[in-house]
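These are my notebook entries on one structure.

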Amino acid sequence: MPPDAEAAAVLREWVDEEGSLLDASALDLSWADLSGTDLGMALLTQTVLRSATLVGTDLYRAHLEGAVLDESDLSRASLVKAELDDASLRGATLDEADLGSTSLYAVDARSARFRAAKLHAASLIDVRLEGADLTNASVRETSLKAVLDEYTVVRGLSGTLFGPAVIDHAGKQYELSGPDLEQWLNSRGATVRVLGPRSRDIIYYAKFSEGYSRGNPQGVVRRRLVNGVAHDEAFTRNLRWEPTEYLRLYARGHNEVGHVQITEAEAVAFIERLKSGNT
């Protein structure tokens, strides 16, 4: 149990109510040992899990937005489709963790370890990876729009990813994409292929309001430019792109639902979840 009395009481109640959903939002679970537990879809938004032990823990679709996981041990944990936007993972250990389709928007993962971790279709957007260790990690159509530096270890990193990434060298930053990013990574022991955008004339957006997030949106829309003319489409429950007036109505102030521009990889991840019935 964690030292914090309130957090410990919530955990005891959760244990007694077998099969219940853990809601420990904004509580201090520092030093707690939750190894091997089922925390699928747990509500851990802004929860402090500093130095917590979560080895082999199932965090499928867990809400960890804004959580503090500094120095925590998430080795072999399942974080598939978890929401970690704005979380802190400084110095955390995620060796052999599964982060498939995980949303890591604006995460601070400086000096974190991802050795042999699976980052397939994960969204690492605006993530800080200075000093992080990605030895033998695997990526597959992963959005790696992160900050890297000369201390970021990428030896054995393999698979495919989208850029661009920002390289911090002696305090000066510069952006690399495409073949240049690929060369930078592979010259440091990686074997990755940096993918280019499938269509430069398509812009994707995630729609969300309260209760939703960039990684778990209400829906996705896209704007295709054909000879300079905009064609707006939404991916619908009919599992296809269909015309929509959403963007035009929003521009006129007729929609309360907001949106944010996302990468193609993020849009593809949402579509795959929709097709599998997991949204």
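**Second largest pocket.** I looked up which elements supply its lining: β3 (138-149) and α4 each give at least two residues. Helices (H or I, at least four residues) and strands (E, at least two) are DSSP runs, numbered from the N terminus. The largest share comes from α4, with 6 residues. The lining includes Lys81, Arg140, Glu141, Glu272 and Arg273. By class I have 4 nonpolar, 3 polar and 5 charged residues. Ala, Val, Leu, Ile, Met, Phe, Trp, Tyr, Cys and Pro count as nonpolar, Asp, Glu, Lys and Arg as charged, and the others, Gly among them, as polar. The volume of this pocket is about 180 Å³.

The terms I used are as follows. On a 1 Å grid over the protein atoms alone, a cavity is a set of points where a 1.4 Å probe fits but cannot get out, and a pocket is an open set with protein on both sides within 12 Å along at least five of seven lines; lining residues have an atom within 4 Å of a point. Points are joined across faces, edges and corners, and a volume is the space filled by probe spheres set on them.

**Provenance.** The model is predicted, with local features needing pLDDT of at least 70 and side-chain atom pairs counting only at pLDDT 80 or more, while totals for chains, interfaces and linings use all residues. Residues are numbered from 1 along each chain as its sequence is written, and side-chain values use heavy atoms, with hydrogens and water left out.

**Cavities.** I found 2 cavities of 30 Å³ or more. Of its 15 lining residues, Ser123, Arg214, Gly215, Glu266 and Arg273 lie nearest the centre. Helix α4 (residues 264-276) gives the most to this lining, with 5 residues. The classes here are 7 nonpolar, 5 polar and 3 charged.

The second largest cavity has a volume of about 30 Å³. What lines it? I noted Leu49, Leu54, Leu59, Leu64, Leu69, Leu74, Leu79 and Leu84. That makes 8 nonpolar residues, with no polar and no charged ones.

**Positive phi.** Ser51 is not a glycine, yet has a positive phi of about 60°. Lys81, also not a glycine, has a positive phi of about 60°. I place Ser51 in the loop between α1 (5-16) and β1 (118-120), and Lys81 is in the loop between α1 and β1. Is Lys81 buried or exposed? Lys81 counts as buried, at 13% relative accessibility; the cut-offs are under 20% relative accessible area for buried, over 50% for exposed, and partly exposed in between (1.4 Å probe, protein chains only). Ser51 is buried at 18%.

**Aromatic rings.** A search of the whole structure gave me 3 aromatic pairs. Tyr204 and Trp241 form a tilted one, 6.2 Å centre to centre with 55° between the planes. This pair links distant parts of the chain, Tyr204 being in strand β8 (residues 202-208) and Trp241 in strand β11 (residues 241-243), 37 residues apart. Tyr204 is buried, with a relative accessible area of 10%. Tyr246 and Tyr250 form another tilted pair, at 6.0 Å and 35°. Rings of Phe, Tyr and Trp (its six-membered ring) pair if their centres lie within 6.5 Å; planes under 30 degrees apart count as stacked, over 60 as edge-to-face and the rest as tilted.

Tyr246 and Tyr250 are separated by about one helical turn because they are 4 residues apart in helix α3 (residues 246-251). Tyr246 is buried at 5% relative accessibility, whereas Tyr250 is partly exposed at 34%. I also noted one aromatic cluster, formed by Tyr204, Phe235 and Trp241.

The charged end of Lys207 sits over the ring of Tyr246, 4.6 Å from its centre. The criterion is NZ of Lys or CZ of Arg within 6 Å of the ring centre and within 35 degrees of the ring normal.

**His259.** I found His259 in strand β12 (residues 258-262). It is partly exposed, with a relative accessible area of 25%. Leaving out residues up to four places away in sequence, His259 touches Tyr205, Ala206, Lys207, Tyr246, Leu247 and Tyr250; contact means heavy atoms within 4.5 Å.

**Cis peptide.** The peptide bond from Gly163 to Pro164 is cis, with omega near 0°. Pro164 is in the loop between β4 (158-162) and β5.
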